[in-house]
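Please read it alongside the sequence and coordinates shown below.

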Amino acid sequence: MEVFVDGVRVEVEPGATALEAARLAGKWVPTLCFDDRMAPFGACRVCLVAIEGAAAPVASCTTICQEGMQIETTDERAQRIARNVAELVLSELPEPPAGHTELAEVVERLGVGEPRWHGTVHEAKHDARHPYLVFQHELCISCGRCVRACDEIQGAFALTATGRGFHSNVTAGLDSGFQESTCVSCGACADTCPTDAITERFLFELAEQGSE
Amino acid sequence: MSQSRDTHLVPGGRVPGSDPGAWLRGPRPRAWRRLFDVGKVEGTVSRNLIELLTRKGANGGTRTALAMLREAVDERGGVTDDDRRVAAQVSGLPEAAVYGVSTFYDDLTQPRGRRHVRVCTGTACWAVDFDAQVRELEEGLGLRMGERSEDGELSLAETVCLGFCHSSPSFRDGDVVDAGPGALQRILSGTAAAAPEPEWRSVLDDPVLIRPGDYTGLRRALAELTAEQLREEVKAANLRGRGGAGFPAGLKWEFAHKAAGDEKFIVVNGDEGDPGSYIDKQLMEWSPELLLEGMALAGYAVGAAHGFVYVRSEYPRSKHALEHAVARAYESGDLGDDIYGSGFSFHVHVEEGAGSYVVGEETALLNSLQGMRGTVSARPPFPAEKGYHALPTVVNNVETLCNAPFIALHGAEAYAALSPGATPGTKLVCLNERFQRPGVVEVRFGTPMREICEDLAGGLKDGRSIKALQIGGPLGGILPTWKLDTPFDFDELAAEGCMVGHGGIVAFDDRTDMRRLAQHLLHFGAHESCGKCFPCRIGLFRGLEMVEAEGPVDRAKLEELLETLEVASLCAHGGGMPAPIRSLIAHFPDELGVA
């Protein structure tokens with residue numbers, strides 16, 4: 001079927017999402033919870049686009065294309081609200097994201113400045129018991145990518161979301177660290193993590209040395 | 001109609017004579033048998049846990065991880081890693097996922113002493129004395145909410161709405177709910193007594209909802225109507241969902257009927273979490289047969305042989321009342337195989353929640369029913385297409401289904417005639433303790449709010465006057481007293497930034513401080529956010545911090561936050577919580593302190 005992204009005609013398969021269409025058209029749409037190796041999740045809500053006829057911007061990753069759909073990736077309201085969401089994400093972190101992370105890239109491209117909210121941030125909690133993988137729980141933004149990578153890519157089912165609301169986070173096994181879980185040390189979680197909440201021990205130690 | 005006090009509740013114990021596991025030995029959904037026969041997943045990459053659970057088929061077990069964890073708490077006061085391992089083994093969920101479940105629900109995370117006291121922090125209880133009872137209870141028991149005494153004897157926890165909003169403030173000591181005047185003192189002296197039941201009445205001579213179910217609608221449908229005719233009748237009746245969203249039930253039934261799937265399910269949303277609402281509670285406890293009849297009708301209409309009622313754990317009596325009604329219905333042949341010799345079979349299972357408001361959202365409810373974390377899933381797919389065990393599922397609210405027997409018996413035309421010139425049918429509303437005559441009342445759509453509040457409920461007690469109403473639950477806007485002539489109906493309330501919602505009406509009297517009300521509402525919103533989507537997870541918490549801080553609230557920043565929540569949230573929780581805050585900004589800007 002054909003859809004239009006910012007006026008550009010794109011041919012997509014039935015069932016394709018507005019995000020897929022936008023990317024086919026070569027447009028950048030910010031995402032934080034999306035990873036094309038896994039099923040869309042619809043959690044981060046920064047992939048907002050305007051759809052002609054829709055009352056308000058929608059999350060493009062979970063919006064299925066309809067024949068002739070007009071998708072606008074540069075809609076002012078969609079971008080402003082995506083920026084607000086990214087700003088809220090920054091406000092929960094005790095420190096700005098490291099430059100190499102996906103979060104840093106999204107925040108920069110969206111033009112998010114210093115967050116207007118200066119409230120509670122996540123408490124630092126590190127788990128470096130595993131030989132290769134390290135948790136930095138305070139950097140977790142609950143995008144669920146590590147959990148889904150573990151389930152959908154590796155099939156190890158070693159990770160889970162924990163808690164509820166602002167206090168949501170992620171852990172391995174029975175909160176017993178990677179080594180006591182069904183983790184196979186594949187690194188898919190660290191690979192997909194957009195913030196370094198799960199990272200390779202080597203990189204973690206390098207960063208630690210750098211900050212000393 | 002009234003139930004004798006606590007006949008089927010023994011504090012902290014099992015119900016005499018009841019056999020909650022009885023249905024496990026009865027007929028089971030085919031999907032289970034098929035799924036359980038599949039055995040282990042062999043290296044299959046699952047797209048998500050629901051599909052994993054579906055394929056793995058719970059390892060031959062019939063218990064969900066959530067049910068097992070809840071049992072550990074009920075029987076042993078808490079969840080251990082051994083409990084989690086056993087729950088994983090039996091349910092088929094991975095251990096990590098079971099750990100995640102055990103950190104999600106209030107019932108599983110609050111520490112429990114041998115005596116577990118809960119204090120309701122719902123909006124109706126708040127409206128009495130603005131949580132003074134919470135502070136007095138904490139002081140009297142020497143514990144803060146969420147704490148357990150060192151000797152393990154006593155614990156105190158917050159619970160959001162026990163459904164005794166007609167007699168606030170309410171408390172739960174073990175399984176005894178005490179409420180109203182003197183309740184706090186009785187809790188403190190360890191002499192809790194069952195609270196009085198509410199009044200329920202109808203403005204109709206022949207009520208649609210305030211009546212015992214007698215299965216006459218089901219008898220008629222099975223004898224005289226085809227499934228298609230029944231679907232058409234419910235569609236023609238324009239029966240709108242009574243849980244809050246107002247989606248036409250007939251359309252849901254049709255979608256589920258048309259969806260491909262070799263087995264289909266009816267799931268009743270009995271997770272009436274709206275603080276200040278006790279409509280579904282009274283229906284489940286006093287007219288469970290009406291609900292079962294409605295479920296069977298839905299099953300007949302869509303081609304489902306199994307239904308589930310998901311009841312919140314805050315309503316211990318509801319679960320027992322339903323289980324007893326199910327047992328009676330099997331005996332009388334109103335449920336079971338080949339009902340009335342029609343060839344139609346329908347079986348009902350009752351499941352219990354574990355403390356989470358967002359589980360009232362249909363995708364979260366289905367996750368919870370399958371024993372997982374009660375988080376929301378993006379739609380599509382809709383439950384009608386892929387619901388319970390990824391099979392077509394109708395999720396209807398309790399009250400919605402209780403309308404079906406009338407429609408099946410009398411038809412769409414008679415149903416529409418009940419509320420002339422307004423939304424067809426009738427609606428139950430419930431009124432909080434502030435009113436002279438609180439209770440559950442069946443009203444016609446279109447009735448002015450003033451008539452409900454002043455004529456039916458007699459205005460407020462203690463010579464107080466209404467300052468504002470919150471209608472339809474925590475996601476409903478706030479109607480100031482000068483707009484009381486607004487009719488109670490979908491479009492008319494929407495025009496005032498309010499909603500019919502689920503029909504709870506909470507009056508705030510002239511003593512109420514609207515800044516504190518904003519704090520109360522956002523505390524609830526932030527605490528109950530499931531944590532899946534970013535705007536709700538972070539935004540409601542930031543909103544709470546904004547109204548809790550000293551000094552004026554930055555209006556532009558607050559409105560920007562509310563817009564972000566409304567537009568970007570995944571479900572109606574984050575999307576709806578701004579509505580009452582917007583009302584407060586519009587009608588009480590000075591008191592709210594926005595500048």
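Leaving aside residues up to four places away in sequence, A:Leu32 touches A:Cys44, A:Val46, A:Leu103, A:Val106, A:Ile141, A:Cys143 and A:Pro194, where two residues are in contact if their C-beta atoms, placed from the backbone, lie within 7 Å. A:Leu32 belongs to the loop between helix H1 (18–24) and strand E3 (48–51) of chain A; helices (H or I, at least four residues) and strands (E, at least two) are DSSP runs, numbered from the N terminus. A:Leu32 is buried, having 25 other C-beta atoms within 10 Å, given that a residue is called buried if 20 or more other C-beta atoms lie within 10 Å of its own, exposed if 12 or fewer, and partly exposed in between, with C-beta atoms placed from the backbone. From A:Leu32 to A:Gly15, 17 residues apart along the chain, the C-alpha separation is 22 Å.

The model is a predicted one, in which local features need pLDDT of at least 70 and side-chain atom pairs count only at pLDDT 80 or more, whereas totals for chains, interfaces and linings use all residues. Residues are numbered from 1 along each chain as its sequence is written, and chains are lettered from A and ligands numbered from 1 in the order in which they are written.

## Chain A as a whole

Chain A contains six helices and ten strands. Its radius of gyration is 18 Å, close to the 17 Å that the globule rule gives for 212 residues, so chain A is as compact as a globular protein of that length; the radius is taken over C-alpha atoms, and the rule is 2.2 Å times the number of residues to the power 0.38. The C-alpha trace of chain A spans about 55 × 40 × 30 Å along its principal axes. Of the 212 residues in chain A, 51% are buried, and among its contacts between residues at least 6 apart in sequence, 58% join residues at least 24 apart.

## Chain B and its domains

Chain B holds 26 helices and 15 strands, and 58% of its 595 residues count as buried. Of the contacts in chain B with a separation of 6 or more, 70% come from residues 24 or more positions apart.

The assignment for chain B gives domain 1 (39–103), domain 2 (115–188), domain 3 (213–416), domain 4 (426–509) and domain 5 (514–592). Between domain 3 and domain 4 of chain B, the centres taken over C-alpha atoms are separated by 27 Å, and their contact takes 13 residues from domain 3 and 17 residues from domain 4. On the side of domain 3 of chain B that touches domain 4 of chain B, three residues are nonpolar, six polar and four charged.

## Helix packing in chain B

Helix H12 (residues 227–236) and helix H18 (residues 398–416) of chain B have axes that come within 10 Å and cross at roughly 95°, which makes H12(B) roughly perpendicular to H18(B). Axes are lines fitted to C-alpha atoms, for helices over the stretch in contact, with angles running from 0 to 180 degrees between N-to-C directions; angles under 35 degrees count as roughly parallel, over 145 as roughly antiparallel, 65 to 115 as roughly perpendicular and the rest as oblique. The residues of this contact between H12(B) and H18(B) comprise seven nonpolar, one polar and one charged.

## The interface between the chains

At the interface, 41 residues of chain B are in contact with 44 residues of chain A. H22(B) gives the most to the side of chain B that touches chain A, with eight residues, and that side has 19 nonpolar, ten polar and twelve charged residues.

How values were computed. Ala, Val, Leu, Ile, Met, Phe, Trp, Tyr, Cys and Pro count as nonpolar, Asp, Glu, Lys and Arg as charged, and the others, Gly among them, as polar. Domain bounds come from an automatic or database domain assignment.
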